[in-house]
Amino acid sequence: MAAAASSLASQFLGLRREAAPSTALFVQGAQSKLRLPSTRRPNGRVVAMAGTGKFFVGGNWKCNGTTDSVSRLVADLNDAKLENDVDVVVAPPYVYLDKVKQSLTDRIEISAQNSWVGKGGAFTGEISAEQLIDIGCKWVILGHSERRHVIGEDNQFIGKKAAYALSQNLKVIACIGEKLEERESGKTFDVCFQQMKAFSDSISDWTDVVIAYEPVWAIGTGKVATPQQAQEVHAAVRDWLKNNVSSEVASSTRIIYGGSVNGSNCSELAKQEDIDGFLVGGASLKGPEFATIVNSVTSKKVAA
């Protein structure tokens with residue numbers, strides 16, 4: 001019994017017991033400029049996609065929706081005209097996953113918003129990767145800032161969750177991003193690289209991984225990084241992959257941006273060469289606007 005208890009306890013080591021930070025910290029001063037050193041060549045007139053992966057847009061519905069509103073949103077998505085050269089994924093709340101899977105066009109794949117760190121069992125309230133695969137779920141979002149800073153999951157725990165999901169053939173949207181105080185103290189790269197290292201320490205095959213850079217101060221606040229600010233971090237993350245994993249992984253891994261993306265700002269963001277798509281929050285609850293964001297793939301073209 002003691003050995004079993006020790007084994008189970010080891011799975012919980014990444015859950016910190018700490019108070020959730022004040023929301024005010026996420027938004028205070030968010031309009032200040034991101035002062036980051038340049039780590040890449042100036043962004044000139046180039047092909048607007050540095051990586052080789054297909055443009056990717058995910059919609060994170062978070063803890064939103066009712067049976068009626070989900071049905072209306074699915075109907076809007078089924079009626080939407082979406083560009084062909086983009087992968088599209090939506091992440092409903094757990095209780096609606098099967099409903100959405102059964103009624104949504106096959107053009108759009110289904111993601112969960114979280115999964116457990118190992119095989120299912122006596123873990124009340126958790127959902128295993130095996131269960132998600134069983135109902136036809138293809139993706140899972142892991143490492144979202146709300147899981148890190150509200151629930152208390154740490155880098156290593158999230159890395160282990162990603163490794164287990166991938167071992168069960170569940171593809172991973174791996175989230176990284178800095179809080180406001182980290183940004184203002186010049187630690188953006190340090191924080192993002194530490195989060196990346198935790199993923200790379202656990203992941204051996206990056207084929208089914210999409211990285212989502214989401215600055216915490218921009219999530220759900222209405223504030224959004226400028227295209228240049230987002231590009232700077234995306235370029236640095238791609239360089240980190242090149243230097244710490246491989247050039248092939250750096251080229252093929254899609255790095256998407258999240259943080260108050262909407263139908264008005266997506267086109268300019270999409271033009272940045274290292275932005276390979278988006279992870280969308282609030283705007284993904286509006287079918288026509290989400291379609292506009294998906295179709296911003298047309299901004300990925302060769303600039304003369």
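Mentor: The largest pocket holds about 340 Å³ of space. Of the 14 residues lining this pocket, Lys62, Cys63, Gln113, Glu146 and Arg147 are the closest to its centre. This is a predicted model, where local features need pLDDT of at least 70 and side-chain atom pairs count only at pLDDT 80 or more, while totals for chains, interfaces and linings use all residues. Residues are numbered from 1 along each chain as its sequence is written, and side-chain values use heavy atoms, with hydrogens and water left out.

Trainee: What is the difference between a pocket and a cavity?

Mentor: Rolling a probe the size of a water molecule over the atoms shows where empty space is left. On a 1 Å grid over the protein atoms alone, a cavity is a set of points where a 1.4 Å probe fits but cannot get out; a pocket is an open set with protein on both sides within 12 Å along at least five of seven lines, and lining residues have an atom within 4 Å of a point. Points are joined across faces, edges and corners, and volume is the space filled by probe spheres set on them.

Trainee: How many cavities of 30 Å³ or more are there, and what lines the largest cavity?

Mentor: The count comes to 1 cavity, and the largest has about 40 Å³ of space. Its lining includes Gly143, His144, Cys175 and Glu214. Helix H6 (145–151) and strand S5 (171–176) are the elements giving two or more residues to that lining. Helices (H or I, at least four residues) and strands (E, at least two) are DSSP runs, numbered from the N terminus. H6 also gives the largest pocket the largest share of its lining, 3 residues.

Trainee: Is Tyr213 buried or exposed?

Mentor: Buried means under 20% relative accessible area, exposed over 50%, partly exposed in between (1.4 Å probe, protein chains only). Tyr213, in strand S6 (residues 209–213), counts as buried because its relative accessibility is 1%. Tyr213 and Cys175 sit 38 residues apart in sequence and 6.0 Å apart in space, C-alpha to C-alpha.

Trainee: And what about Gln231?

Mentor: Gln231 lies in helix H10 (residues 227–244) and counts as buried, at 7% relative accessibility. Its side chain joins that of Asp274 in a polar contact of 2.7 Å. A polar contact is a pair of N or O atoms within 3.5 Å; within protein, one must be able to donate a hydrogen and the other to accept it, and residues adjacent in sequence count only if both atoms are side-chain atoms.
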